[in-house]
Structures are given as structure tokens and as C-alpha cells.
Amino acid sequence: MRDPVSFLKEEYEALVGQDLDWKLRVLAGPSAPWCHVDGKRVLMFCSNNYLGLSNHPRLKEAAIEAVKSHGAGSGSVRPIAGNMDLHVELEERLARFKAAEASLVYQTGFAANSGLIPQLAGKDDLIISDELNHGSIIDGVRLSHADRGVYKHADPDDLGRVLGEAEKASPPPRRILVITDGVFSMDGDIAPLDRIASLAAEHGAMVYVDDAHGEGVLGEGGRGIVSHFRVPRERVQVEMGTFSKAFGVVGGHVSGSRELTRFAYNKSRTWLLSGSHPPAVVAACIAAIDVLESEPEHVKRLWDNTSRFKKAMKDLGFDIGRSETPITPVMVGDSAVAKRLSLRIFELGVFALPIVYPMVAQGKARIRTIMNAALSDEDVDFAVAAFEKAGKEQGLV
Ligand code: PMP
């Protein structure tokens, strides 16, 4: 008799054979500049907790108070009995922070992309995507029944070509949705959103930006990519983001017009059919917005640390790719070398993971570092010294 689950072991072992399985490291205690990973004290250099807010006293206090006042769970999905006053307050606060008419909070950023994109475009429509967009966007596009167009990474001229071809198609698409990451998570470069938005406006297309890595980083007080480029809000119909990165908590969100948010919550299956955030999560997210509005020093510190690290690494002769943000890839090329480099810097006390094929193209392996506002100058210099020692050993510099 055939074993119906033999593929579980076989496919896992195939991954192990190619060294493509995830070896999970365990963080004991909070995500802090210095933390304990697999029992070793190391400098955290790869978390998305850009501003150190996940361990900020005001967020922790808000979470504890919300448990006392509202309990541990919400009891339901939001459209039934799980729509607490805290959820409404968070959306009002976020909309004000983003200078948008309205915001809607999803359980995760992945739930926002995979739940909303298939509702914005379907059969007879066209979705045009940057070739390096995040996997949650790719899944959202797959779930739609729309035609797909891809333009070259961060290349408005190529986007113009795809939009031009769409215009000439017969019949032309009913609706066109252009989607891009704001900051690209593997390279740390920024999408040219100003030019993308102008082109889309010329062709009557909607724009959807995933600002997961731009929030808390770019724009006035960390308001994100729309603020960074000062793009008129009506030209970016969907500004999507997440509370899981610079905000330090968890949860996805979209901001735009009230028409957008009420459409989104009536249509997104991920929103309608999944339990709402527990009170502690929501209250911590509200506190994160409070901190961003009242403590501007975190965003400034993030950028100071970023400049210090990038300059030192360039001076040493490392290739740091095309990064313009606190995500700094240390380009290595070969996957095996990237893995060795990551293990060696871990031994030297720095935690940053290798990113290898198939996450990036063959020959483009790298160590992806992510800067954190909570690091001191000495911490940044410590990381540079570890890269210098390990890089010399590997013949990279
Ligand atoms: N978009 C991008 C660009 C991301 O990097 C991520 C997180 N890896 C997501 C969406 C998903 O966000 P979340 O963690 O809130 O599900």
C-alpha cells in the first residue's frame, strides 16, 4: 500500500540535501540590541524591529493595561462580536498618522495583501507588479483571476511600456492595478513611487504600495514612502503596511479613502473570516503610534546608525549593493560563502542571516543586515569589526 504522507519526509530531506531547510534559531527573552540566541549573547543585526519599539516600556505597559481592562482575547472576528473600541481607536489613530481619510487593520500584512489584492482586480483586469515584489503580494495576485504584467525592478520606463501595451490591447483591461513594495526587503532600495504614481495616473491605473519596510523609517517622523516622496495622497489609492516591523508589534493595515476601507472590510476574506487582534496587541500598536509621534529621536538614531555602518563597510571594501535604507545587504555572491560568513560573524557575536538562492537570484547571495535605532555607536563598530575579521578570513575584503 502506498504511504499517503511519504512526501513529507522525502521533500523535507530533499531540502536538507540542498541545504535549503530552515534551521530555526531560538531567541530567549526580548528582541533587544544585545540578546540571547541559541544560548549565546549576540548583537541583533537582522530583526525588523527597526526602532527598538518591541521592547519599549510604553508599548509593554499599554499591552498589560489592555489585558486588565479588555481581557486576553477579542472573542470573535470583527464583523461578528470581535470589534472592540480599541480596534476602532487604532484605525482612527493610524489614519491620522498617515494623513489618510481612513485606515483598516488586518491580522497581518500577509493577510492584508492576500485578502485585498484579489478583491481589487479580477477577471478582465490587469495587475502590474515589480519583479521583486514580496511573496505576500505574489500570493495575492495569484488568488485574483486577473491578467498579470511584470515590469523590471524599480524601472518606471518599463512600467510605462507595460501600461502602454495594456492600453493597446483589445479589449483593454477593465481595471489596472499597479503594485510595488515601497522599500525592497532584500536589497533595501526604494521604489520610485513618485514616477510610478504619475505614470499610473496618466493611464487611469490604481496604485498599491506595500510600505512594510518604509514605515517608521522613511518620510516625516517615519510616516512612510508616501510622505517621503510627498506624492499626492489621491494618487496612491492603497497604502499598505504592517505593525510587525518598525511598529514593533504585529498586524497589517491599509490606508486610503473611506470608500477603500469599507470596500476592503466587506470583501477581504482574510479580514472577515479570521479572529481579530487581542486587546494587548491593539493597545501596543496604539502606543507605538504615540511613541512615533512624541519621540522623534528613534527615527533619527536609526538613520545615524545606518550611515555609520554603511560608510564603515564601504571604506573596508565591502559591496553593499544598491541599498538606500537601514536594510544593508553585504553582497557575497556564492551561497556557501554567505552561509560561512553568517556562521562566523555569529561566533564573533553578531546575528545576521544569509539570504541565498532561491530567495535571491543565483550568484546574488548576501548577508542581510537590518539596522536598529537602539544600537550605540560602539555596537555598530562592534558589528563592523566582526564583518571585517570574518570578511578577511573569507577573502572578501
Ligand atoms: N510585505 C513585505 C514587503 C514584507 O516584508 C512582509 C513581512 N515579511 C509582509 C508584507 C508581511 O507582513 P506581516 O509580517 O505583517 O505579515
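This is a predicted model: local features need pLDDT of at least 70, side-chain atom pairs count only at pLDDT 80 or more; totals for chains, interfaces and linings use all residues.
1. R322 is partly exposed, with a relative accessible area of 42%. Its salt-bridge partner is D189, at 3.1 Å from N to O. D189 counts as buried, because its relative accessibility is 5% and the cut-off for buried is under 20%.

2. Where do D189 and R322 sit in the chain? D189 is in the loop between β7 and α7 (193-202). R322 is in the loop between α12 (297-316) and β11 (327-333). They are 133 residues apart, and the pair links distant parts of the chain.

3. E293 forms a salt bridge with R93, and the closest N and O atoms are 2.8 Å apart. E293 belongs to helix α11 (residues 279-294), R93 to helix α3, and 200 residues separate them. Is R93 buried or exposed? R93 is buried, at 12% relative accessible area. E293 is partly exposed, at 39%.

4. Other salt bridges form a network. D19, D21, K23 and K339 are linked in this way. K23 counts as exposed, because its relative accessibility is 53% and the cut-off for exposed is over 50%. D19, at 34%, counts as partly exposed. In general, side chains of opposite charge can pair when their charged atoms come close. How many salt bridges does a search of the whole structure find? The total is 32.

5. Now the sheet. Seven strands form an open sheet, in the order β4-β10-β9-β8-β7-β5-β6, with mixed pairing. Which strands are at the edges? They are β4 (102-106) and β6 (147-151), and each pairs on one side only. From one strand to the next, the twist averages 20°.

6. Strand β5 (residues 126-130) runs parallel to β6, and five bridges join the two. I127 stands opposite R148 in β6. As background, strands of a sheet pair through backbone hydrogen bonds, either parallel or antiparallel.

7. Two helices lie across strands of this sheet. Helix α3 (residues 85-98) lies across β4, β9 (238-242) and β10 (252-256). Its direction is at about 125° to β4. Helix α6 (residues 156-168) lies across β5, β6 and β7 (176-181). Helix α6 runs at about 150° to β6.

8. Helix α3 also holds K98. Is K98 buried or exposed? K98 is buried, because its relative accessible area is 5% and buried means under 20%. Which residues touch K98, leaving aside its neighbours within four places in sequence? They are D211, E215, R223, R233, E239, H253 and S255.

9. Finally, the surface. W22, L24, L353 and M359 form a nonpolar patch there. Together they have about 460 Å² of accessible area. One of these residues, L353, lies in strand β13 (residues 353-355). L353 counts as partly exposed, at 31% relative accessibility.

Key:
Residues are numbered from 1 along each chain as its sequence is written. Side-chain values use heavy atoms; hydrogens and water are left out. Two strands pair if DSSP finds at least two bridges between them. Helices (H or I, at least four residues) and strands (E, at least two) are DSSP runs, numbered from the N terminus. Axes are lines fitted to C-alpha atoms, for helices over the stretch in contact, and angles run from 0 to 180 degrees between N-to-C directions. Contact means heavy atoms within 4.5 Å. Patches are made of residues with over 30% relative accessible area and no salt bridge: like charges are joined within 9 Å, nonpolar side chains (Val, Leu, Ile, Met, Phe, Trp, Tyr) within 5 Å. Accessible areas come from the Shrake-Rupley method with a 1.4 Å probe; for residues, only the protein chains shown count as cover. A salt bridge is a side-chain nitrogen of Lys or Arg within 4 Å of a carboxyl oxygen of Asp or Glu. Buried means under 20% relative accessible area, exposed over 50%, partly exposed in between (1.4 Å probe, protein chains only).
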